Amino acid sequence: MKPPSKDAISKALDILLESIGEQNGYSFPSSCTTPLSGIPLEELATYADALSSAKLHLADEADKLICQTQHRRNLAAPIHRLPEEIFKTILEMTETDVRDLLLWCQVGRLWHATIFNSPRLWTRMYSGLSPKMARWVLNLSKGLPLSLHWDAVDKRYGPIMDIAAQNSTRFKSMKLRGGLSKPLDIRRLLTSPTPALESLTAEVTRGWVAPAPEVVLSEGAPLKHLTLTNLTLTIDPHRLSSLITLFLDGSAIPASLGTLLQILSASAQLEQLTLLADTRVEDSEVPQPGPLVTLPRLGNLELDCITDDYCMALLASIYTPACSRIYVYDASGSQHVDSLDALVWKPGSVQAVALLGFNSSLEPRILGVPETVSMPQISTTISVARSATLVRVEEKDSVRSRHLHFGRSEPLKLLKRIGESLPHRPSLSISLPLSQHDSIGIRPLKLLKRIGESLRHRPSLSLSRPLSQHDSIDLGPWSSTLESLELSDYKASLSAMEQLSQCIATPYGTGVLATESWMCPNLRFITLHIPGDEEECAIYIAALRLLVRKRWSGEDGGLAPAIQPDRFEIISPRYRELQDVESEIQRVLPSFWLN
C-alpha cells in the first residue's frame, strides 16, 4: 500500500485544526495556504498547542484503528475459530499449574476470558503456591471439589498450610509427600476433615531413618484409590468399602498379615492390589494364613519383592476368581516357605486354580474374549542362579498376563506341586547355565531329565543355551506328551533329529508286552538349527533326510508313519542354498520350511 501524499496529510490536518478552533473559539489559518510567518506572534503558542493536540488525537485514533484491524485479522486464525467448550476441554485435560494458567492468560483476550471463566481449571492446589494464588484457586474454582498436591520438601508451603487445612472439606484428591526430616508434616492434612476425599496418595521418603508413627485418617466418604508408601495409616473400614485400587509400598505393608487381611476383607470392590518391597526383617514373626478372603472383582494382582513366606501366606489366604493379570516375584530367604507352598499348591486348592487362570470347574477362563479365541498355554520356566533356582510360571496374551516367579533352594519340589495343581498341560522351557554345575549339585541336563520325569504334563521343551562338550539332550522322559520342541543349539538339534527317527518301546498295560511307537508321537511343532559350515551342514542335511524318510514317508515299511507336525522349521545361515532340499522334503511334509 502507498503512503498518503503531503497534500492529503495537509488537508486532513486543516480539517482537524478547524474542528479544534471551532470548539475553542479560535480561527486557525489553513496549513496549506498560509505560511507560518504569516501567523501573528501572539497566536503562535495557541497554534502550537492546537497542532500538538491534533497530533495526539491522530496517533490515538490511528492506534485504535490498527488494533481493530489486527483484532479482525486475528479472528481468522485457527486458534480463535476453536469453539470455547472445546478450548476449555483441552485446557482441563492438560492439568496445568496455576502459574502456567496466568501466563496463558496473556496470549489474548479470548484466552484470558476463557481461563478466568472456567472454574474447573482452578481446582488444583499446590504446596508451592503463594497465599495470594491459593486464594485465587479457592475463589475462581467456584466451590468445585479440589485436588491437592503437597510436597513437604518444598520449603514454601508453610504460609498456606492453614489455608489448605481450613478448606480440606473440598479436597476430592490428595497427593502428599512427607519430608526427610519431618515425615509428619502431612499428618495435619490427613487428620483434617475430608468428607469428599476419593483418592489418596501419601508417601514418606525412604531417607527417613525411623519408621513414621501411625496416622489415623479422618472419617468421611468411602475412598476409591489408596496409595501409601512408608506410612502406616489407620482407616475406618467404612472408608474401604468402595476401594478400587490399593497400592502399599515399604513399611506401609502391615507387618501382621492379619491386619492386611482385615483391610482386604473390608474392600469387596477391590480391582487392583499392589504390594511392593516389604520391609520385614529376617527375625520377624512367621506369617500365618488367615481365613479365606474372597476378592470377587480383583483383576490385577502384583506382589513384587515380597518375602516368600509373607507372599505365600497371603496367596493362601485370598481367593481371586476373576484375576486376569498377575505378577508375583517373591524375595527368597525364608526357612518356613515350604509348608506354605504345600498349602497354596495342594491339589484341589481353589486359589491355585485361580492363580493359574482356571475356574472352579478346571476349565480355562477367558474374560471378555470371544469363544473363537484360542486358549494360550501356560509357560513354566526354570532358571538356575548361584543362590537359588527360580521357577517362573507365565501366561501372556492381549487380555491376560501371569508371571509367577519363585526363588527356591529346592525347585523340583515346588515344580512338582505346581504340576499337580495344573488341570491341563502347560508348556515348559528351561533356561540353564549349561557350562556350569547348577545350585543343587547336578549337571544341568540331568536336572532337565529329572524335571521331565517329575511332571505329569510336559508338552513343550525349549532350550536356548549352547551345550557343553560333555552334555547331550535326552528326549526319552518327555516322549509320551511332548507337543512342541524348539532347540537353538546345533548339537542338540542334530541329536534331536537322530532320536526322532527312532522307535521306542511303550508299555501297553500291566502284564502286557510293550509295543513300539515313534519317539514323541504327539509332536506338533518343531524348530531346529543347522550350522552354516558347509561340511557340518552336509551332516545335518543327511540326518534331516533320514528323519523325514523314516518317520513320515513310510518307505521303510514296518511302523506306520508318525502324525505330521503342524509346523517343522529349520533355521540355517545357508537356507538360500538349500532350496532344493526344502522342495524335496515338502513333497513328504508340506508343513516343512527353511528360514
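Biologist: Where is the place of Leu 231?

Modeller: Leu 231 sits in the loop between strand 6 and strand 7; helices (H or I, at least four residues) and strands (E, at least two) are DSSP runs, numbered from the N terminus. This is a predicted model, in which local features need pLDDT of at least 70 and side-chain atom pairs count only at pLDDT 80 or more, whereas totals for chains, interfaces and linings use all residues. Residues are numbered from 1 along each chain as its sequence is written, and side-chain values use heavy atoms, with hydrogens and water left out.

Biologist: What makes Leu 231 count as buried?

Modeller: Its relative accessible area is 1%, and buried means under 20%, exposed over 50% and partly exposed in between, with a 1.4 Å probe and protein chains only; Leu 231 is therefore buried. In space, Leu 231 and Ser 251 are 6.3 Å apart, C-alpha to C-alpha, although 20 residues separate them in sequence.

Biologist: How many aromatic pairs does the structure hold?

Modeller: There are four aromatic pairs, where rings of Phe, Tyr and Trp (its six-membered ring) pair if their centres lie within 6.5 Å, and where planes under 30 degrees apart count as stacked, over 60 as edge-to-face and the rest as tilted. One of them joins Phe 116 and Trp 122, with 5.6 Å centre to centre and 40 degrees between the planes, which is called tilted. Phe 116 is partly exposed at a relative accessible area of 27%, whereas Trp 122, at 0%, is buried.

Biologist: What makes the pair of Phe 568 and Phe 592 edge-to-face?

Modeller: The planes of Phe 568 and Phe 592 are 85 degrees apart, which is edge-to-face, and the centres lie 5.4 Å from each other. Phe 568 lies in strand 23 (residues 567-571) and Phe 592 in strand 24 (residues 592-594), so the pair ties together parts 24 residues apart in sequence.

Biologist: Why is the contact between Glu 61 and Lys 64 called a salt bridge?

Modeller: The N to O distance between the side chains of Glu 61 and Lys 64 is 3.9 Å, and a salt bridge is a side-chain nitrogen of Lys or Arg within 4 Å of a carboxyl oxygen of Asp or Glu, so the label applies. Glu 61 and Lys 64 lie in helix 2 (residues 44-74), three residues apart, which is about one turn of the helix. Glu 61 counts as partly exposed at 44% relative accessibility, and Lys 64 is partly exposed as well, with 47%.

Biologist: Which salt bridge does Asp 151 form, and how far apart are the closest N and O atoms?

Modeller: The partner of Asp 151 is Arg 177, and the closest N and O atoms are 3.1 Å apart. This pair links distant parts of the chain, with Asp 151 in strand 2 and Arg 177 in strand 3 (residues 171-178), 26 residues apart. At 24% relative accessibility Asp 151 counts as partly exposed, and Arg 177, at 30%, is partly exposed too.
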